[in-house]
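Here is a brief report on selected parts of one protein chain. Keep the sequence and the 3D view at hand while you read.

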Amino acid sequence: MEERRRKIRDSILSHKNQIIDDMFAFAADLVMRNKDFSVSLNEGEHDMLPMIESVTGRKVRMGILSPEDKELLVRIIDAAFGNPDRETRVEILTEICASDTLFEGMCLVFGGSDDELEEFAQMLGCAEMYDRLSADSCFTARKKYAQKMDTYAAAAADYYGACHYNDLVEIIKTYEDLNTGFDRYRRSEGSYRNTIFFTPEYFFMYTLKELISGISTETLTTVDGLLLNEFYEDQYVEELNEYVDFVSSREELGENEIRTFFALRNNAGYRSLVLAASRYDLYIPPRKKLMKYADNNYAEETRAETRLRRYVKDMYADRLEARADEYDCTLDDVLDDFVAEFQIQETEDMSADDSNEMILRRALHVMEGFGIEVKDGKDRAELAEFVEDMLLDTHKWVYHGWTPREALNHLRMDL
């Protein structure tokens with residue numbers, strides 16, 4: 001063990017001071033993001049355990065932290081919120097890597113790719129440890145489970161814009177059998193034997209939310225359980241800062257006060273969206289379709305959009321090609337930009353006010369931006385018809401994933 005510590009310490013010290021500081025901050029953050037550790041640190045007293053057991057009907061078994069690991073975890077937390085000197089950072093970072101349990105827990109919540117994780121382990125002097133860990137079937141099962149849940153969250157955030165984690169639970173249960181195969185997530189001996197968050201055994205809204213908020217580098221999760229698209233990042237940060245100020249200004253904080261805090265913020269764009277979308281049943285697309293949205297650059301091209309593209313290209317090819325030459329891009333790139341102007345996810349219903357006249361004005365405005373003047377009469381009417389057809393055929397956040405054309409059939413009449 002001492003030889004292992006020495007190799008880790010020498011590897012850490014081989015880096016420049018700033019890199020050491022960054023590695024310490026990153027490693028400490030990863031360890032604290034692992035909710036298994038926070039539960040195990042206060043096992044027997046943690047208020048989360050009775051709730052998990054009550055909801056899942058399963059007895060929680062933890063006991064994964066040794067007394068030495070618990071002491072180290074407290075030091076990590078203190079150092080992360082303090083200003084330790086360089087020697088203390090090196091010492092704590094060395095001890096994290098020397099602990100089988102903390103090292104594995106750190107690797108589990110690493111949100112980047114497996115290659116990036118391997119590179120980080122090498123920087124820490126833990127290449128051999130990581131090789132052994134990545135060959136361990138229990139670690140692999142837990143890691144794949146966490147990555148799958150994170151992928152579902154990323155896809156849902158892009159497809160729905162904003163939704164509650166209860167919706168995400170319903171979506172995942174539609175696709176996944178989460179009632180069997182628990183043994184592969186457990187160890188009979190050695191370190192990190194049990195887990196609450198990296199297994200479907202204790203799967204429900206709260207554990208899913210805590211898992212994703214701990215491992216994801218992209219997904220935005222509010223305190224009261226909303227999953228948000230990055231479109232709302234500015235509003236999310238503003239609300240989070242307000243919440244920190246709210247909590248800091250009170251000696252005691254109860255559930256009613258927290259509930260009131262968020263209830264008074266329904267003017268936030270994503271809260272208005274969730275409220276509007278709740279009028280409709282949740283649309284759950286085929287799994288293959290939803291998972292495409294985990295790539296935030298993906299955009300579905302509907303048949304109506306294909307027809308619109310073909311129409312615009314046939315009618316105005318010469319002027320669009322001139323635009324493409326002007327900006328040194330392709331004709332398809334210009335058509336992408338044209339369609340994108342209509343694909344912005346509005347957070348209001350497409351009502352009767354969205355008449356042909358209004359859609360036409362918007363379409364004409366976009367065309368003018370491309371240097372194209374649409375003639376009066378038939379050409380304008382046709383353009384508006386093609387654009388309206390695409391808008392009605394596009395899955396929308398505000399309709400809980402349905403298209404405007406489908407939404408009326410799924411309106412919750414009891415609301």
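At what angle do helix H7 and helix H10 pack? The model is predicted. In it, H7 (residues 100-108) and H10 (residues 137-160) pack at an angle of about 30°. Their axes are 10 Å apart. Angles under 35 degrees count as roughly parallel, so H7 and H10 are roughly parallel to each other. H7 brings Glu 104, Cys 107 and Leu 108 to the contact. H10 brings Phe 139, Arg 142 and Lys 143. By class, the contact of H7 with H10 has three nonpolar and three charged residues, and no polar ones.

Next, two single residues. Ser 99 sits in the loop between helix H6 (86-98) and H7. Met 390 belongs to helix H20 (residues 378-392). Buried or exposed? The table gives the class of Ser 99 and of Met 390.

| Residue | Class | Relative accessible area |
|---|---|---|
| Ser 99 | buried | 9% |
| Met 390 | buried | 0% |

A polar atom of the Ser 99 side chain lies 3.2 Å from the backbone nitrogen of Leu 102. Not counting residues up to four places away in sequence, Ser 99 touches Arg 4 and Asp 69.

Now Met 390. Not counting residues up to four places away in sequence, Met 390 touches Ala 304, Glu 305, Leu 308, Val 339, Phe 342 and Gln 343. Glu 71 is 319 residues from Met 390 along the chain. The C-alpha atoms of Met 390 and Glu 71 are separated by 60 Å.

How values were computed: Residues are numbered from 1 along each chain as its sequence is written. This is a predicted model: local features need pLDDT of at least 70, side-chain atom pairs count only at pLDDT 80 or more; totals for chains, interfaces and linings use all residues. Side-chain values use heavy atoms; hydrogens and water are left out. Axes are lines fitted to C-alpha atoms, for helices over the stretch in contact, and angles run from 0 to 180 degrees between N-to-C directions. Helices (H or I, at least four residues) and strands (E, at least two) are DSSP runs, numbered from the N terminus. Angles under 35 degrees count as roughly parallel, over 145 as roughly antiparallel, 65 to 115 as roughly perpendicular and the rest as oblique. Contact means heavy atoms within 4.5 Å. Ala, Val, Leu, Ile, Met, Phe, Trp, Tyr, Cys and Pro count as nonpolar, Asp, Glu, Lys and Arg as charged, and the others, Gly among them, as polar. Buried means under 20% relative accessible area, exposed over 50%, partly exposed in between (1.4 Å probe, protein chains only). A polar contact is a pair of N or O atoms within 3.5 Å; within protein, one must be able to donate a hydrogen and the other to accept it, and residues adjacent in sequence count only if both atoms are side-chain atoms.
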